[in-house]
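Open the model in your viewer and keep the selection tool at hand.

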Amino acid sequence: MSLIDLLRRRRSIKKFTGRPVTRAEIETLLDAAILAPNHRLTEPWRFYVLGPEAREAYGRALGVRKAKKIEDPEASRAMRDRVAAEHRALPCMIAVAVVKSDNPEIAEEDYAAAMMGVQNIMLAAVELGLGTAIRTGGVMGDDAARAAAGVAENERIVAIVNVGEAAETPGGPKKRAASELTTWVS
């Protein structure tokens, strides 16, 4: 399959089947991730493949954050439990982190490199017949979420990538043409 075809077929998957993702498949995805460009060759990316208990603990941290917005105590508890169970049931969850840098320029370059690595994971997954969904947000800095993922103190999570066999594949999003977003400068 051509790269352009992979790009066109990639979708964010919301529901996965119960088929486990094999260690060999995960290693293929991570091998693809580290092929991403990295300006200073700092290799800032770190990958944490979360098992069922770690996925559940990460989901519980996310659920706690979501539940804070719910006033009813029973509904709040149900939210925490539901999000934790949903995460435990994921076939594969990879936390992508970067090593922190005090140099703002290097930190920005390393973040960009890690996110290009995430894109490589997602494209390699399509080639393997797997689906992915990228998750970002404030929970990645949450102490409980970081502990669940096992992220080192000198690292920060930049993305979570859920991986598995797609139970359903959504249609393509309506995107504007590149020509609408491009300015040619002479």
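**A tour by selection**

Start with Glu 155, which sits in strand β4 (residues 155-164). Note before going further that this is a predicted model.

Is Glu 155 buried or exposed? Glu 155 is buried, yet has no salt bridge. Select Arg 46 as well: this is the nearest side chain of opposite charge, 4.1 Å away.

Now show the surroundings. Leaving aside neighbours within four places in sequence, Glu 155 is in contact with Arg 46, Tyr 48, Ala 97, Val 98, Val 99, Lys 100 and Arg 146.

**Helix α3**

Next, select residues 52-67, which make up helix α3. Two residues here deserve a stop.

Pick Val 64, which lies in α3. Its relative accessibility is 33%, so Val 64 counts as partly exposed. Val 64 and Asp 81 are 17 residues apart in sequence and 9.0 Å apart in space.

Then pick Lys 66, also found in helix α3. With a relative accessible area of 38%, Lys 66 is partly exposed.

**A nonpolar patch**

Switch to a surface view and select Leu 3, Ile 4 and Leu 7. These residues form a nonpolar patch on the surface. Together they have about 270 Å² of accessible area. Ile 4 belongs to helix α1 (residues 3-9). Its relative accessibility is 44%, and Ile 4 therefore counts as partly exposed.

**The loop between α2 and β1**

Last stop: the loop between α2 (23-33) and β1 (45-50), where Leu 41 is placed. Check the backbone angles here. Most residues other than glycine have a negative phi. Leu 41 has a positive phi, near 55 degrees, and is not a glycine. Leu 41 is also exposed, at 71% relative accessible area.

Move on to Glu 43, found in the loop between α2 and β1. What is the phi of Glu 43? The value is positive, about 45 degrees, although Glu 43 is not a glycine. Glu 43 has a relative accessible area of 52% and is exposed; the cut-off for exposed is over 50%.

Terms used. Residues numbered from 1 in each chain as written. Predicted model: local features only at pLDDT ≥ 70, side-chain atom pairs only at ≥ 80, totals over all residues. Heavy atoms only, no water. Helix = DSSP H or I, 4+ residues; strand = E, 2+ residues; numbered from the N terminus. Buried < 20%, exposed > 50% of the residue type's maximum accessible area, 1.4 Å probe, protein only. Lys, Arg positive; Asp, Glu negative; His and termini not counted. Salt bridge = Lys/Arg side-chain N within 4 Å of Asp/Glu carboxyl O. Contact = heavy atoms within 4.5 Å. Patch = residues over 30% accessible without salt bridge, like charges linked within 9 Å, V, L, I, M, F, W, Y side chains within 5 Å. Areas by Shrake-Rupley, 256 points an atom, 1.4 Å probe, with all protein chains shown as cover.
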